[in-house]
Amino acid sequence: MKSKYFTWFSILMALALALAGCAQPTEEPTEAPPAPTTAPPTTAPPVGPEIDCMGASAGDTLTVMYQWSGAEEEKINAIFKPFVDACGVEIVASSTRDAAVLDTAAKSEPPDLLFWPSTSPSLLYTEQLQDFASIGAHAENYADFWIEQGTVSGRWLVLPVKADIKTIIWYSPVQFETFGYSVPTTFAELDALVEQMVADGNVPWSMGMESGPATGWTGSDFIQDLLLVQQGPEYVMGLIDGSVSYDDAGVVEAYETYFKWASDETYTVGGATGTVSTGFLDAIYKVYSDPPEAMMVKQSGFAGGEVAKFYPDLEYGIDYDFFAFPGAQGMQGGADFLMAFGDSPATQAMVAYLTSAEGATAWAKAGFDLSPNKWADGKYIDAALAKKGAALANAAGFTPDLGDTIPAPFGEAEWRAIVDIIQGADIATALAAAAAAQAEGLGQ
Amino acid sequence: MAAPKIMQQGRVVPWLYVLPALIVILVFIVYPTINTVVLSFRDRRGEQPASVDCVEGQPCWGNFENYRYALTHPDMTTALKNNALWLLIMVPAVVGMGLLIAVLADRVKYEALVKAIIFMPMAISFIGAGVIWRFMYYIETGTGEQVGVLNAILDAFGIDPIPWLSQPGINNLALMMVGIWLWAGFCMTILSAALKGLPEEVLEAARVDGATEWQVFWRIMFPMILPTVTVVITTMVIIILKIFDIVFVMTGGNFGTEVIANRMFKLIVTDTGRSMAIAVLLLILTIPIMIINVRRFREQEAIR
């Protein structure tokens, strides 16, 4: 008797396990570059007299520290190569993601150059860092806002070297052609296009943002893009430093625009319920299903990789593509920065090289995301990078993600406000709570 | 007559026996508890007194600032309300369910099979259960087919799908359903054991005297297993006060489903002081139940 029930039990268990196995994986997306990236160029760009060695002689060593490893490290080495070939400087690199390792190094033997994905070392080692203006950086190759953002108490300590933008919208060129839509270049055109789609019986947006405890971040990106369109990058920087309160009229306006699109099923898949209940990955897929459930989805570069995984038959550039958020006066995204501890001739030569047209070209050709250097625009080989590069080159500002940059408890409060508003809460009340969290996070 | 030498122990020897357990308790329970209480009076980094977070012109409880958050902040009042709701609805439901199944299964041929099925969810990790139920409650918001079991059923009857997890009012009940599914087996097993322990003669006598099954249950069985029922209830109260996994996996505390333990978890990285204050609050809420539980247990021991 006993063994009979045990068999039954085992069968049920096996069934349960099998069912669980059938469940779709809901893994987090990897921040992979959207399109297949091209291999680093095998032939180095023309070198020779263009690279100024600033008096560094062959055999000089240059110590650098960065967080990159693997394929990323190969790319940065491809970027260094023309310089190394021209000047014969030996680069001694150490790769670490650990801020404690950096701290130990900074206090004993600081690297000549530091590449870091945040500007925080500039606040910790302000006195030790060199002013780029005095070590040969080509300031003229960078937009003013970059230099302003990199200036700490009057000295230019932080130089952006690598950036990626997420102020982009994904769409299906095939569908756009079928319905005779053209890619909008201004916000008014986008607005008109959205209305045109509704008139044609199409759903313009797929706005799903369900993401477990992080539900809301997709909406947060969308709203920041709207702020960049309606108010501009300086306003967003104001929100980050607290000079503009998160319940300001400009923020309310952005939320009103967002609410109009995200809560109505004529504008987005499933209306308000669809926005809060649909997983952010499903939201991407809906634009490329057959027939498509929506025309556009606002999502970062990783969306391209997700489409390629989910629909292996679709081709980038033909079946799926993106355009920069129309009318955005600035871009939002992440950047990696260069900081200089040393001022040796080799250090100065490297800084001069990276900030020169040659350095920008090498960076663009290596396809290591985007280079904020003005000369990089038009030099990208990868089509997706070329498009993003053009958007970055035309931007009047670069803003980091609001929710990530303003300290806790703001990020969570922002997401909550978004979800509450989509579910019908009063915009002013919900934003007042987020503004209180903003003030609290910034210690105001 | 004096006891044999070997039976005589100095004052020190008992302590030696207790020592290993004592060390473990001190290191892993007493010290962390004290440290938690201390940290609950500190700021978000756990370095300065909590009063540094006070902003002029706004209400402040001085060094009890984190407790002001834990008791009055809207996020926390929602969580406290939800925990109360979980207690009020899920405890009676899960214990009642367990009792019902225990009584009914007692009378069927396939008792072991029935119990195995009901108990099986306990074998699944709670995170796994949350993931499984996310698919049960899944809602397709576009033009696709409803693949979530519940919405597929509604769809078959031509009823509009329900966003089980994101609609306030429904979502808390949907989460409690998962809790009941998980814990009913536990309650059933313990209550079933208590029922099996009842002396057959008493029940037999009642039936001979003409009592209906209903009367047998309410007048004889239930009073006799009442101490066990109490233990099950208090155990469930403690478990539900600390409810976390289900909420974390299924809604992440969004859409008005926040609970105390989930808030503690969310804040542990960003705000040490508040997180610890919530932990202390949870501890304070649990202690009375613990005391009742222990007292009950002692009474039961005394009867034996």
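**Exercise 1. State how chain A is divided into domains, then describe where domain 1 touches domain 2.**

Step 1. Domain 1 of chain A covers 61-164 + 332-399, and domain 2 covers 168-329 + 406-441. These bounds come from an automatic or database domain assignment.

Step 2. The model is predicted: local features need pLDDT of at least 70, side-chain atom pairs count only at pLDDT 80 or more, and totals for chains, interfaces and linings use all residues. Residues are numbered from 1 along each chain as its sequence is written, while chains are lettered from A and ligands numbered from 1 in the order in which they are written.

Step 3. The C-alpha centres of the two domains of chain A are 31 Å apart.

Step 4. Ten residues of domain 1 of chain A contact 13 residues of domain 2 of chain A. Contact requires C-beta atoms, placed from the backbone, to lie within 7 Å.

Step 5. On the domain 1 side, helix H16 (383-393) and strand S11 (398-399) of chain A each give two or more residues. H16(A) gives the most, with three residues. Helices (H or I, at least four residues) and strands (E, at least two) are DSSP runs, numbered from the N terminus.

Step 6. That side divides into six nonpolar, three polar and one charged. Ala, Val, Leu, Ile, Met, Phe, Trp, Tyr, Cys and Pro count as nonpolar; Asp, Glu, Lys and Arg as charged; the others, Gly among them, as polar.

**Exercise 2. Describe the side of chain A that touches chain B.**

Step 1. Count the residues: 23 of chain A are in contact with 25 of chain B.

Step 2. Helix H1 (2-22), helix H11 (271-277) and helix H18 (410-422) of chain A are the elements giving two or more residues to this side. The largest share, five residues, comes from H1(A).

Step 3. By class, the chain A side has 13 nonpolar, seven polar and three charged residues.

**Exercise 3. Classify the packing of H10(A) against H19(A).**

Step 1. Helix H10 (residues 249-262) and helix H19 (residues 427-441) of chain A pack at about 125°, with axes 11 Å apart. Axes are lines fitted to C-alpha atoms, for helices over the stretch in contact; angles run from 0 to 180 degrees between N-to-C directions.

Step 2. The angle makes H10(A) oblique to H19(A). The classes are roughly parallel (under 35 degrees), roughly antiparallel (over 145), roughly perpendicular (65 to 115) and oblique (the rest).

Step 3. H10(A) and H19(A) cross in a right-handed sense. A crossing is left-handed if the near helix is turned anticlockwise from the far one by less than a right angle, and right-handed if clockwise.

Step 4. From H10(A), Val251(A), Val252(A), Tyr255(A), Glu256(A) and Phe259(A) make the contact; H19(A) supplies Ile427(A), Ala428(A) and Leu431(A). These divide into seven nonpolar, no polar and one charged.

**Exercise 4. Locate the cis peptide bonds at Pro291(A) and Pro409(A).**

Step 1. The bond from Asp290(A) to Pro291(A) is cis, with omega near -5°. Pro291(A) sits in the loop between helix H12 (280-286) and strand S8 (296-298) of chain A.

Step 2. Ala408(A) and Pro409(A) are also joined by a cis peptide bond, with omega about 5°. Pro409(A) sits in the loop between helix H17 (402-405) and H18 of chain A.

Technical notes. Contact = placed C-beta atoms within 7 Å.
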